[in-house]
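Hi,

Here is the structure I promised to pass on. Have a look at it first, and then read my notes below.

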Amino acid sequence: MKGFFATFKHDHWVMPYLRRYKKLLALVLFLGFMTFFCGGALMFNSGYLISRAATHPYNILMIYVPIVLARAFGIGRPAFRYAERLTSHNWVLRIVSDFRKRLYEAVEKQAVAIRQTHQTGDVLSILAEDIDHIENLYLRTVFPLVIGWLLYLFVVIGIGYFNWAFGLLMLLLLGVIVILMPLLSVTVNGRREFQARRVQRTFYTQLTDAVLGLGDWLISGRRQDFLAQQDAPIDQIAALRRKDHHFQWWRNFAIQVIFGAAVVLLVWWAGVMFTHNQAQANWVAAFGLALFPTVEPFADMSQGVSEWPVYQDSIRRVNALDENEPQQVDQTRVEAFENLTLDHVKFTYAGAQREVIDDLSLTLHPGEKLALLGPSGTGKSTLLKLILGDETPTSGQITINGEPVSRLQDQRATLFGVLDQQPYLFNTTVMNNVRLGNLNATDEEVMDAVKAVELDDLIARLPAGYQTQVQEAGSRFSGGERQRLSLARILLQDAPIIILDEPTVSLDPITEQHLLDTVFSVLHDKTIIWVTHHLAGINHVDQVRFIENGHFDMQGTPEKLYQENARFRSLYDLDRGR
Amino acid sequence: MIDKRVFKFPGVKPAAAIMAVLTFVQAFMIIFQAKYLSVAIVNLWQLKSVRTIVLPLLLFAGAFLARHLLTLSNNWLLYPFVEKTTKTLRKQFMAKLFDLGPSVVAQKGTGNVVTMGLEGIDKIQTYLMLIIGKVLDLSLTPWIVLIYIAFIQWKEALFLLAIYPLIIFFMIILGLAAQAKADRQYAGYQRLSNHFVDTLRGLPTLKQLGLNKTYADNVYQVSEDYRKKTMSTLTIAMTSTFALDFFTTLSIAIIAVFLGFGLMNNTIQLLPALIILTLAPDYFAPIRNFANDYHATLNGKNTLTAVLDILQRPTPTDRDLLPVRQPTWQADDTLALNKVNVSYGESQTPTLKDITFSVHGFQKVGIIGASGSGKSTLINTLGGFLSPQDGQINVRDTAVPHLDKQAWQRSFVYIPQAPYLFHASLRDNLAFYAPGASEEAVMQAAAKAGLTDWIATLPDGLATQIGEGARGVSGGQAQRIALARAFLDDSRRVLLFDEPTAHLDIETEVELKRAMLPVFDHHLVFFATHRLHWMNEMDYILVMDHGKIVQQGTPAELEQQGGTYVRLRSEMEGATVK
């Protein structure tokens, strides 16, 4: 329970929305309450109706009102329920739209930081799932709980109206069902959930491991080991599920027993209270039957609450998201690009000892083409981050036309175009994807760009041409084609400096050669910084630099290096298969 | 309604039989419960003393308790069967995965297979738990209740009977309408619901294009579109539940009015009328419960189909045709393929066509070709991960239908572009094929693979955890670990390489090559690659194009012949720097 309040102490994701859409929320709760009210009232009214009828009133009109009410409640229950379900879903989906925008903005502001702390895109899926969880928190826990309590109050007050002492008794008895049982569910489940998640995570890791490494398992011939490894978590999961079920069954049984006791007491009380004359006695059946329809919403409360531990995690995670704007440097603008200068740049990651970049200096002018090489982990990617302004040098500076890049971030997309290892294609049409480079581009301009990257024939052959949907993560296209689409985007973007971050790493040599030929021919007038892992296509650049341990160790034109540097020559020959 | 496959699981029939008896008894408890409650109420209505209701209320309480105890025992009874079945399913699933090997994972996708083994089987558990009880309840309880009512008052019973098919009819009609509408919108739906994760993943690209700020509104708009689409589908989908709710609740109201008239006309007494009214909700309860859990059961049913589909796949037979011998492959052995065709899954056109070649002893065989020419498929066939459709394979003068042979698979080491590293200690990874190897042997193998310096930098040496979610290992290091496996198990004299260096930078590749070459001695090597310099180490080359071997011979022969080999080499080399 302490955990419950602690979760909401600094909450700014769940509670504010309950407040913001107050009226709709009130409507949902009202409709939900009316659903069960009609259910109970139908039985109450029917009990009275037949008791009254059994006294043989001389005129049908005497039972006319209960007859009409029976129909009204009979239609009311399903109608309210229908309206409640639609309203609540609409309410929740409306909030989800807000959530998504907000989550997007939070991730956008912290994009660099998030990518550093979490390598994979998994964190994004987790966050997106969290939003679904909060959606369910409202639908499956909050609404049933509040509606159940409203119903509980109504029943207790209704009975208390006739007799406060008996009302108090019901308050306690039904309180066990609607307050104590949910509390018990959260406590018991919370403890077990912790264990369950640990077991499940182990099983998940092992299973993924087993599936990804299936080839090696097969080759190893260790079938028994493979099966034995999975046995322990399978048994543990089964044991946990069993405990879960046993708890649920006994809890539900307990709820029913208490409920049965409430019915017996109610009938007994009605027997004492309403048996002074026949007119009063007609109400006995009403009270005797009215309680039955409430058992379902009451029992659902405990079930909804036991899902809390899952939601709690999600709420904590979104609340922990840093939504603060990272510290902003005053922004300025530069005119036409004249030079990019690195002046004695040094860089160390926060908390790390080793200098990733150690005293690099370099100047690039419009139209110059530079290739950066070096083993992985020598700081090539870091250098690109520094040039783009995602990181700031520990000492020295990087400037464009004399202005530090950190002050040009607002202008960034008009200065730099980036083609990296995995260009992202959005799940929309080919036309829309390319147009992202320049939202104002006409259809003709988009098609021209696609023609320039030699994809026009391919696109023409697609079922819907430019309107063809790129499937998720661009799986419709091969690696080389994705790079070309992304290159078309860069052409539309028309920035003076182009960063190529190993764009050919996963391509075969022939595709690679062709792509590089296209890249350098369509970008012939741009300044290019190209990080590459080997020497294919090196003839396209006019400057090669090798980074080793944070500083440049070989540099020069490819021709000069080949003639004068034995190491470069041997690498180059090897790369060409000699 | 119920899946016939459920009855194929062992132990289901006795459990279901006893449950049927219990459900049968339970129906009578429901009747007793209604009867004695009514007796108590009628006694009070007749203004009898409160003492006269003690016995009926006790009987009511007894029947009520018995009813819920029977629910509890039904669960107790069924659960051991469900638990055993899901456990067995999980274990069978794992065993099947091992027997089918990596090709089934490639076909279904890693994520899919993992989800199936984890959440999928959980869903089956829920399904089994629900379906048997619900179906029994639905096929026994309403009818026993109805027969009892018919004995009291046949007209009301007839009405209840007549309304039943009507409810089912409307549920189906509306359910189908909702389904049709949902199906029509499905594609657009999927896209909208994935849009959010898609956007989050593409955020770095949006930032490169300078669209990261403006895209937040797009996120909101798309989410709102999604809400509207969802709501319009939900409106129809929920009418199905509404119909059920409407007819059942209204039926109760109508019964109440009927009974009221009957009582006024003196055609029925209060006691039977009250019993009928109390029983009416219980008559409808089973179908309502069934409808409420409809989606859970549908999910379970679909997952069961998917899991059974995997379990019923045929596994390769004759896995031990090849006699075991130590070492399996020796200097005077021959492997010959003659007109072998291989296709993936159900596909009719073979991916590999007419593969014919023969290798002897410790030859080094290079496999070269453009991407998509079938190099990986050939390596997978040689590893036994794929079985040929026709053609002859001869290993050591034994004719075999495929290479999925235990003896064969224990004779090679497979090194793909990204060797899989298990989530385990470095030692366990190194000794994966020879788990019993001594510490000394492991260290020696690691030294040969050039890992000694790296291991020295690790905090826990060989005991360091590596693999997904643990310490990152660079691409070059992963190759060395795979290589060490080959050094460690000397009985594995065949090496299958599938583009092991494609993604490495040139300097890392040079160092790796130095460590790799010594292991080629006394091994039969198959080496598929794009990197031309490896061809200089081979003494036989297979040139592949569009799934066929278009040329084969020694490098010198091929150089002389000209044709595809020479053309490929020149295309891969690209332009020259001089």
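Let me start with a question: where in chain A is A:Glu454 placed? The answer is the loop between H16 and H17 of chain A. Before I go on, please keep in mind that this is a predicted model.

**A:Glu454 and its partner**

I picked A:Glu454 because it counts as exposed, at 52% relative accessibility. Its phi is also positive, near 65°, although the residue is not a glycine. For background, most residues other than glycine have a negative phi. The side chain of A:Glu454 forms a salt bridge with that of A:Arg484, 3.7 Å from N to O. A:Arg484 sits in helix H18 (residues 479-493) of chain A and A:Glu454 in the loop between helix H16 (443-452) and helix H17 (456-461), so the pair ties together parts that are 30 residues apart in sequence.

Look for B:His546 in the loop between S11 and strand S12 (548-553) of chain B. B:His546 is exposed, with a relative accessible area of 62%.

**Other salt bridges**

Over all chains, the search of the whole structure turns up 40 salt bridges. Two in chain B are worth a click:

- B:Arg325 and B:Asp333 meet through their side chains at 2.7 Å, N to O. B:Arg325 is partly exposed at 28% relative accessibility, while B:Asp333 is buried at 6%.
- B:Glu537 and B:Lys513 form a salt bridge whose closest N and O atoms are 3.2 Å apart. This pair links distant parts of the chain, 24 residues apart: B:Glu537 is in the loop between strand S10 (524-528) and strand S11 (540-545) of chain B, and B:Lys513 is in helix H16 of chain B. B:Glu537 counts as partly exposed at 31% relative accessibility, and B:Lys513 as buried at 8%.

There is also a network of salt bridges, which links A:Arg77, A:Arg81, B:Asp245 and B:Arg288.

**Helix H21 of chain A**

Which residues of H21(A) are buried? In this helix (residues 566-575), they are A:Phe568, A:Leu571, A:Tyr572, A:Leu574 and A:Asp575. They cover an arc of only 160° around the axis, which means that they lie on the same side of H21(A). As a reminder, an α-helix has 3.6 residues a turn, so residues three or four places apart point the same way. The cover over these buried residues includes strand S9 (543-548), strand S10 (551-556) and helix H20 (558-564) of chain A, together with helix H16 (506-520) of chain B.

Now for the ends of the helix. A:Asn565 caps the N-terminal end of H21(A), with a side-chain oxygen 3.0 Å from the backbone nitrogen of A:Arg567. After H21(A) comes A:Gly577, which has a positive phi, near 85°.

**Nonpolar cores**

The largest nonpolar core holds 283 residues, and those with the most contacts inside it include A:Tyr138, B:Phe93 and B:Phe526. Helix H4 (residues 110-152) of chain B gives the most to this core, namely 18 residues. If you zoom in on A:Tyr138 and leave aside its neighbours within four places in sequence, its contacts include A:Trp13, A:Tyr17, A:Trp91, A:Phe99 and A:Pro144. A second, separate core has 48 residues, among them A:Val470, A:Leu515, A:Val522 and A:Leu561.

**Strands**

In chain B, strand S1 (residues 334-342) runs antiparallel to strand S2 (residues 352-360), and six bridges join them. B:Leu335 has B:Val359 in S2(B) as its bridge partner. S1(B) also pairs in the antiparallel sense with strand S4 (residues 390-395) of chain B, over five bridges. There, B:Asn341 stands opposite B:Asp390.

In chain A, strand S6 (residues 416-419) and strand S7 (residues 497-501) pair in the parallel sense over four bridges. One of the partner pairs is A:Phe416 with A:Ile497 in S7(A). From S6(A), A:Phe416 and A:Val418 point one way and A:Gly417 and A:Leu419 the other, and all are buried.

Cheers

Technical notes: Residues are numbered from 1 along each chain as its sequence is written. Chains are lettered from A and ligands numbered from 1 in the order in which they are written. This is a predicted model: local features need pLDDT of at least 70, side-chain atom pairs count only at pLDDT 80 or more; totals for chains, interfaces and linings use all residues. Side-chain values use heavy atoms; hydrogens and water are left out. Buried means under 20% relative accessible area, exposed over 50%, partly exposed in between (1.4 Å probe, protein chains only). Helices (H or I, at least four residues) and strands (E, at least two) are DSSP runs, numbered from the N terminus. The arc is that of the directions from the helix axis to the C-beta atoms. Contact means heavy atoms within 4.5 Å. A polar contact is a pair of N or O atoms within 3.5 Å; within protein, one must be able to donate a hydrogen and the other to accept it, and residues adjacent in sequence count only if both atoms are side-chain atoms. A nonpolar core is a set of buried Ala, Val, Leu, Ile, Met, Phe, Trp, Tyr and Cys residues joined through side-chain atoms within 4.5 Å. Two strands pair if DSSP finds at least two bridges between them. A salt bridge is a side-chain nitrogen of Lys or Arg within 4 Å of a carboxyl oxygen of Asp or Glu.
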